[in-house]
Amino acid sequence: MTTTGKVILKQGRARPLWFGHPWVYANAVARAEGKPEPGDVVSLVDHDGRFIGRGFYNPRSQIPVRLCTRADEAVDAAFFRRRVAEARAVRARLGLPSERTTVYRLINSEGDDLPGLVVDVYADTAVAQITTLGISAQRAAIYDALEAELGVTTIFEIAPASYAELEGFAAGSRVARGQSRATVDVLEEGIRLEVEPLSGQKTGMFIDQRETRARVGGLARGARVLDLYAYAGGFSLAAARGGAASVTAVDSSARAVSRTLAHAEKNGVTIDAVEADAFRFLETVTPRSFDLLVVDPPKFARARKDLDAARKGYERLNALAMQAAAPGAVLVTCSCSQNVDAETFERIVAAGAKQSGREVRVFERRGPAADHLMPPGFTEGQYLKVLLCYLV
Ligand code: SAH
């Protein structure tokens with residue numbers, strides 16, 4: 001690793017970085033000095049040579065520098081040890097982990113000053129997801145720090161192909177430290193879950209919805225609940241635990257449906273799990289037959305060019321869900337497309353209301369759970385929007 005490399009910004013392009021934005025876009029770079037290699041740590045300076053911070057360099061990327069520190073410090077083993085210890089202290093301050101919750105996000109990329117690294121903790125197991133070359137180059141030091149600070153027995157590594165190709169490192173999933181295992185038992189708000197870190201989606205679970213799942217549990221008493229895009233049944237389990245009259249979970253993945261049924265049994269609750277496309281299911285369901293509906297689809301807008309199609313998809317989906325809602329129902333509707341901002345999503349839900357002929361009132365706006373920290377003003381990192389609506 002070299003820290004002699006230096007990236008100099010163009011005049012007038014340093015302002016967001018002084019205000020805590022962690023990314024340098026390619027069109028803001030004047031030049032690099034000291035011949036830094038892709039993946040190296042470089043110093044970032046403004047046009048007048050003032051030191052801004054240090055970060056990971058990758059000239060192949062549209063974001064050639066991602067800052068990991070604002071201090072004039074070495075990015076070495078001790079640095080990663082401090083970062084992990086800080087991240088752990090923040091989660092402890094937020095009450096994580098606890099007796100009731102043993103699964104949480106320990107490191108949230110830019111939110112923990114480690115751009116390109118997500119670490120989710122599942123009880124005694126950590127799952128590291130790597131999306132930048134700079135983090136990939138440092139991963140041995142990062143795993144040392146995780147072992148030392150957390151005492152985890154297994155560390156899984158996930159390097160998604162899409163990022164690996166873009167950044168130039170090897171893709172794949174593997175056991176990085178300790179014993180491999182197919183499943184890990186965890187608790188979320190007292191609910192027992194069996195997670196498959198290597199064969200599940202994401203790092204095994206969608207941890208970002210933890211607090212909203214708990215909120216749904218609190219709204220479920222006596223309700224006929226429909227959980228669309230249920231994955232392993234997170235919202236369904238919370239609703240069943242919260243006293244729902246009935247729970248229907250819909251997912252197009254057979255694996256997800258069987259996970260949901262296994263989770264229901266493990267927790268002593270009844271869930272009707274259906275393998276179906278959510279749109280098809282809604283088109284055939286009895287109108288006005290559910291009192292609490294959760295709509296948590298995968299990203300519809302992967303890129304800016306998908307925005308129009310995504311908008312139409314979300315609008316139609318919300319309209320269909322509203323038609324399935326009984327008078328006085330609650331609709332919990334989500335979008336995890338970073339390209340659809342909060343205002344746009346709210347307009348889409350309004351359009352869905354118009355299309356379905358239902359009157360809708362928003363009573364709560366939510367985002368990811370507290371362990372998913374982000375720097376203020378870093379809109380690139382804001383993806384999850386959740387609206388809680390009352391249907392007249
Ligand atoms: N609500 C879940 C997370 C949902 S992730 C939780 O709290 O854990 C999105 C889910 O949508 C995935 O499980 C995926 O299998 C499912 N999915 C994708 N396309 C679908 C479709 N067309 N119809 C139904 N489910 C779909």
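**Exercise 1.** Determine the handedness of the crossing of H10 and H11.

*Solution.* Step 1: A crossing is right-handed if the near helix is turned clockwise from the far one by less than a right angle, and left-handed if anticlockwise. Step 2: The crossing of H10 and H11 is right-handed. Helices here are DSSP runs (H or I, at least four residues) and strands are E runs of at least two, numbered from the N terminus.

The model is predicted: local features need pLDDT of at least 70, side-chain atom pairs count only at pLDDT 80 or more, and totals for chains, interfaces and linings use all residues. Residues are numbered from 1 along each chain as its sequence is written, and side-chain values use heavy atoms, without hydrogens and water.

**Exercise 2.** Classify the angle between H10 and H11.

*Solution.* Step 1: The axes (lines fitted to C-alpha atoms over the stretch in contact, with angles from 0 to 180 degrees between N-to-C directions) of H10 (residues 307-323) and H11 (residues 342-356) come within 8 Å and cross at roughly 50°. Step 2: Angles under 35 degrees count as roughly parallel, over 145 as roughly antiparallel, 65 to 115 as roughly perpendicular and the rest as oblique. Step 3: H10 and H11 are therefore oblique to each other. Step 4: Contact (heavy atoms within 4.5 Å) involves residues including Tyr314 of H10 and Phe345 of H11.

**Exercise 3.** Locate the largest nonpolar core.

*Solution.* Step 1: Such a core joins buried (under 20% relative accessible area, 1.4 Å probe, protein chains only) Ala, Val, Leu, Ile, Met, Phe, Trp, Tyr and Cys residues through side-chain atoms within 4.5 Å. Step 2: Among its 37 residues, Tyr122, Leu292 and Val332 touch the most other members. Step 3: Domain 2 (77-185) and domain 3 (208-391) both contribute residues, so this core lies between them; the bounds come from an automatic or database domain assignment.

Definitions and conventions. Buried means under 20% relative accessible area, exposed over 50%, partly exposed in between (1.4 Å probe, protein chains only).
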